[in-house]
Amino acid sequence: MTPTLTISALTRRFAGVAALTDVTFSVAPGERVALLGHNGAGKSTMMKIILGLIPATTGQLSVCGTTPGSPEARRQVAYLPENVAFHPALTGLEQIRHYLALRGQPPGGAMALLEQVGLAPAAHRRIGTYSKGMRQRVGLAQALIGAPRLLVLDEPTSGLDPVSRRDFYTLLDGLAAQGASILLSSHALTEVEARTDRILILSKGRLVAEGSLPDLRRRAALPVAITIVPRDADDPALRQALPEATPAGGALHLTCGQADKLAVLARITRLGDRIRDIEVQPPSLEDIYSHFSQRDGQ
Ligand SMILES: Nc1ncnc2c1ncn2[C@@H]1O[C@H](COP(=O)(O)OP(=O)(O)OP(=O)(O)O)[C@@H](O)[C@H]1O
């Protein structure tokens with residue numbers, strides 16, 4: 001399958017500042033990719049180059065099979081900035097009709113776009129009365145004009161409550177299922193953990209890790225945390241079987257390498273009904289993120 005976005009050996013410098021250095025990756029049709037990185041890591045610079053707003057210093061880019069910023073690329077790429085601003089006096093319907101007219105498309109398609117983002121019931125209300133989540137949906141409806149093949153979303157869920165975030169990602173899932181590629185930046189690690197196919201970690205302008213969460217987890221080889229709730233916290237058999245465990249709050253806590261996990265679980269299982277409950281916690285995306293960032297000296 002031809003990638004929607006291909007970036008190869010991309011470098012961008014600003015008067016002495018290396019914002020991006022030798023970045024290479026691609027995004028396939030229907031793929032949801034998260035771009036993570038600390039403040040100043042180069043995420044916005046990357047997006048601006050993909051959108052054709054600024055040129056790369058060196059490197060090759062192909063956006064929907066063409067050059068970033070070309071009329072053909074602009075027709076197929078949509079962008080949603082972090083803080084979308086609309087005229088508060090316009091209704092959602094008027095705003096989208098206006099954008100359609102600007103794009104030379106029949107304004108009659110506005111209601112269908114608002115329906116797609118779940119805003120049809122509020123279409124005739126002024127945007128000034130919308131919640132932040134609703135305004136983000138107007139932004140998404142605007143981004144969907146012309147059925148783009150690539151959506152570039154800059155922290156699209158920042159400031160949204162958990163339910164609005166979940167709804168927003170559900171919308172993105174639907175778009176990806178129809179073949180749109182999604183590249184989004186975020187600082188909300190737990191949500192991208194569950195709602196994207198691949199994660200890119202930028203650190204000081206370099207791509208320091210790339211892969212699905214299980215890939216990154218395997219590569220980082222971080223310890224697994226196990227919490228055991230015994231029937232009797234003072235049971236000496238537990239200390240004997242699990243001498244490395246630390247007692248706290250009526251439970252026993254231990255960590256082990258991924259490779260040792262099954263052996264440790266087998267030791268715990270042999271304790272039978274001396275154990276009331278057990279919780280196995282793999283490293284979170286936050287742990288993995290700081291592992292790769294730290295590896296780069298952050
Ligand atoms: N126009 C510019 N002139 C000079 N330096 C710039 C310019 N734009 C970005 N930079 C620098 O490039 C680096 C990357 O910035 P960028 O805005 O891409 O980071 P970011 O990952 O989007 O950060 P944030 O999460 O804070 O938005 C930073 O060191 C920034 O100061």
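I started at Asp-215, which sits in helix α8 (residues 213–220); helices here are DSSP runs of H or I with at least four residues, strands are runs of E with at least two, both numbered from the N terminus. Residue numbers count from 1 along each chain as its sequence is written. I keep in mind that this is a predicted model, where local features need pLDDT of at least 70 and side-chain atom pairs count only at pLDDT 80 or more, while totals for chains, interfaces and linings use all residues.

I find three strands in an open sheet, ordered β2-β1-β4 and paired antiparallel; pairing takes at least two DSSP bridges between two strands. β2 (17–27) and β4 (58–63) are the edge strands, each pairing on one side only. Neighbouring strands are turned by 20° against each other on average, direction ignored. Helix α1 (residues 43–51) packs on this sheet and touches β1, β2 and β4, with its direction at about 120° to that of β1. Axes are lines fitted to C-alpha atoms, for helices over the stretch in contact, and angles run from 0 to 180 degrees between N-to-C directions.

I then followed β1 (residues 5–14), which pairs with β2 over seven bridges in the antiparallel sense. Thr-6 has Ser-26 of β2 as its bridge partner. Two residues lie between the strands of this hairpin, and Ala-15 has a positive phi near 25° there.

Last, the cores, meaning sets of buried Ala, Val, Leu, Ile, Met, Phe, Trp, Tyr and Cys joined through C-beta atoms within 7 Å. The largest has 63 residues, and Leu-35, Ala-141 and Leu-151 are among those touching the most other members. Helix α6 (residues 162–177) supplies the largest share, five residues. Another core, of six residues including Ile-226 and Leu-252, lies apart from it.

Notes: Two residues are in contact if their C-beta atoms, placed from the backbone, lie within 7 Å. A residue is buried if 20 or more other C-beta atoms lie within 10 Å of its own, exposed if 12 or fewer, and partly exposed in between; C-beta atoms are placed from the backbone.
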